[in-house]
Amino acid sequence: MTMEEGRVVNEDYTQDGTVNIKGKPILRSKSGGWKACSFVVVYEVFERMAYYGISSNLILYLTTKLHQGTVKSANNVTNWVGTIWMTPILGAYVADAFLGRYWTFVIASTIYLSGMCLLTLAVSLPSLKPPQCFDKDLTKCAKASTLQLAVFYGALYTLAVGTGGTKPNISTIGADQFDDFHPKEKLHKLSFFNWWMFSIFFGTLFANSVLVYIQDNVGWTLGYALPTLGLLVSIMIFVAGTPFYRHKVPAGSTFTRMARVIVAALRKWKVPVPSDSKELYELDKEQYAKKGSYRIDSTPTLRFLDKASVKTDSNTSPWMLCTVTQVEETKQMLRMIPILVATFVPSTMMAQINTLFVKQGTTLDRHIGSFKIPPASLAAFVTVSLLVCVVLYDRFFVKIMQRFTKNPRGITLLQRMGIGLVIHTLIMIIASGTESYRLKVAREHGVVESGGQVPLSIFILLPQFILMGTADAFLEVAKIEFFYDQAPEHMKSIGTSYSTTTLGIGNFISSFLLSTVSHLTKEHDHKGWILNNLNESHLDYYYAFFAVLNFLNLIFFAFVTRFYVYRVEVSDSIDQLAKELKEKTVSNVVNPKD
């Protein structure tokens, strides 16, 4: 038993406010840790197999089975993927405010599964598809009927609603299994998101290789039925781990808490903020301890919001007077918004993997002997690259950088994200050069107007796919960890949803840019940059435009990170780990090994 912040702490129980499924204090030795995470990670492997089993090849289904053109099919993919990544903010709100992460996840999983079942029927029954067409000019093929489109897109968007409840909560549930107040568990938590990404991309790898091959060469029915079955198995595995999970108790509406702070500050906009933060309204530490939460001290940033904590009269309405902790929670969520905005552009780049990159692959020689490579399978190289880079990063890069920075993470999360942004700029420069070369060869062999196959191996696209995986190992992993780590304790699901929201907005931006650029470049009798026949298009110009956009975004990111202030840790675990690193370094210098 120890004393901490005015409360008695039993070391046998978790100290971060987590409870069991019945809402009672939970023993550390019987719950959480990697044992509980194993169920969560296995779920995610199968779920990613299901999601990427649909999204990786969706553009080919829309063009070959529903007979849609390049721009329309690409936009339909990015609009759907955008919705997939935007709905998590709603699921996160429900979890943090009402149901908790576990029950929100379970309910959403059943919706997700029902969408997958309906989608499998939509691609299987002949009555739900237009007649098969082999004409290269898609405008001459019969279009899908209103009923067929309604069933197909109804299934896709039912699936999207389901992922809205699963996506922001599954990684958060995993991270919740490690107690921030226990140094050893905190150390494991620092590696969690690296190994989380490593594990889930096994499912992605299976989808991008085996499932897309089945869809292209065996049939769409089996290609969709397998991920549906996998999702069912994954839900059963997750539920089986229930006795081992640690749960965070819902703390009320996140948006209401933030709105109260903003409204209170605006209503007292003429009131001066005292120079001494101790004069601001705050509760005793013991009152927070009883609720299993923590008090946050005032910080000097976004000082206008401190007006919400200024005591003026007897009016103690929550819309007129807020605690310093409530103000600081709101500050933490607002401080992350500029970083969130800086991730929109790289998210737009990621949308090209399953749209234009795949369409490029259909124009190239895909044969290795008698085996024909599905163009969507190249996305498997994104996965392999990410898996390798995550292992190298966690096992070698972090340890090397710790010697110089004394930071338990090796480098800061924002520095890691910045490296990913640099790589994204490089990717689009390479993609533009590769496409320019492909078009040159197409002209030399007279296959521009016919839209025939360009006599180049599909593997010329490998550099852009491999580098995309490398960029993900830096940017995407750091992004998930950053928004989870920097969110207040009772707003973790909302914080995690920031990382999915940026992917959603990135896909919508991709749809907007594709439509706008396609329209503008066709004006004044020009052919345009993006046509159904890619051999007549100018994707090289489009990718060069993306390279410039990435470079400008990198400058913006460098600017906003200069002013970002990391949140104060609720525990001293990070400080203890940093201290151990310094002592270890000093020990190695004083007592070098023979």
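Analyst: A disulfide is a pair of cysteine sulfur atoms within 2.5 Å. The model discussed here is predicted.

User: What makes Cys133 and Cys141 a disulfide?

Analyst: Their sulfur atoms lie 2.0 Å apart, and the cut-off is 2.5 Å. The pair therefore meets the definition. By this rule the count comes to one disulfide.

User: Why is the disulfide of Cys133 and Cys141 called left-handed?

Analyst: The torsion about its S-S bond is about -60°, so the disulfide is left-handed.

User: Why is Cys322 called buried?

Analyst: Its relative accessible area is 0%, which is under 20%, so the word applies. Cys37, with 1%, is buried by the same rule.

User: What makes Lys331 and Asp306 a salt bridge?

Analyst: A side-chain nitrogen of Lys must come within 4 Å of a carboxyl oxygen of Asp or Glu. Here the N to O distance is 2.9 Å, so the pair qualifies. Lys331 lies in helix H10 and Asp306 in the loop between helix H9 and H10, so the pair ties together parts that are 25 residues apart in sequence. At 0% relative accessibility Lys331 counts as buried, and so does Asp306 at 1%.

User: Which other residue forms a salt bridge with Lys331, and where does that residue lie?

Analyst: Glu328 does, with the closest N and O atoms 3.1 Å apart. Both residues are in helix H10, three residues apart, about one turn of the helix. Glu328 is buried, with a relative accessible area of 1%.

User: How do you know that Arg409 and Asp485 form a salt bridge?

Analyst: Their closest N and O atoms are 3.3 Å apart. That is within 4 Å, so the pair counts. Arg409 sits in the loop between helix H14 and helix H15, and Asp485 in helix H16, so the pair ties together parts that are 76 residues apart in sequence. Arg409 is buried at 17% relative accessible area, as is Asp485 at 8%.

User: Why is Phe371 called partly exposed?

Analyst: Its relative accessible area is 38%. The class covers values between 20% and 50%, so Phe371 belongs there. Phe371 is found in strand S5 and is one of the residues that make a nonpolar surface patch of about 480 Å².

Key:
Residues are numbered from 1 along each chain as its sequence is written. This is a predicted model: local features need pLDDT of at least 70, side-chain atom pairs count only at pLDDT 80 or more; totals for chains, interfaces and linings use all residues. Side-chain values use heavy atoms; hydrogens and water are left out. Buried means under 20% relative accessible area, exposed over 50%, partly exposed in between (1.4 Å probe, protein chains only). Patches are made of residues with over 30% relative accessible area and no salt bridge: like charges are joined within 9 Å, nonpolar side chains (Val, Leu, Ile, Met, Phe, Trp, Tyr) within 5 Å. Accessible areas come from the Shrake-Rupley method with a 1.4 Å probe; for residues, only the protein chains shown count as cover. Helices (H or I, at least four residues) and strands (E, at least two) are DSSP runs, numbered from the N terminus.
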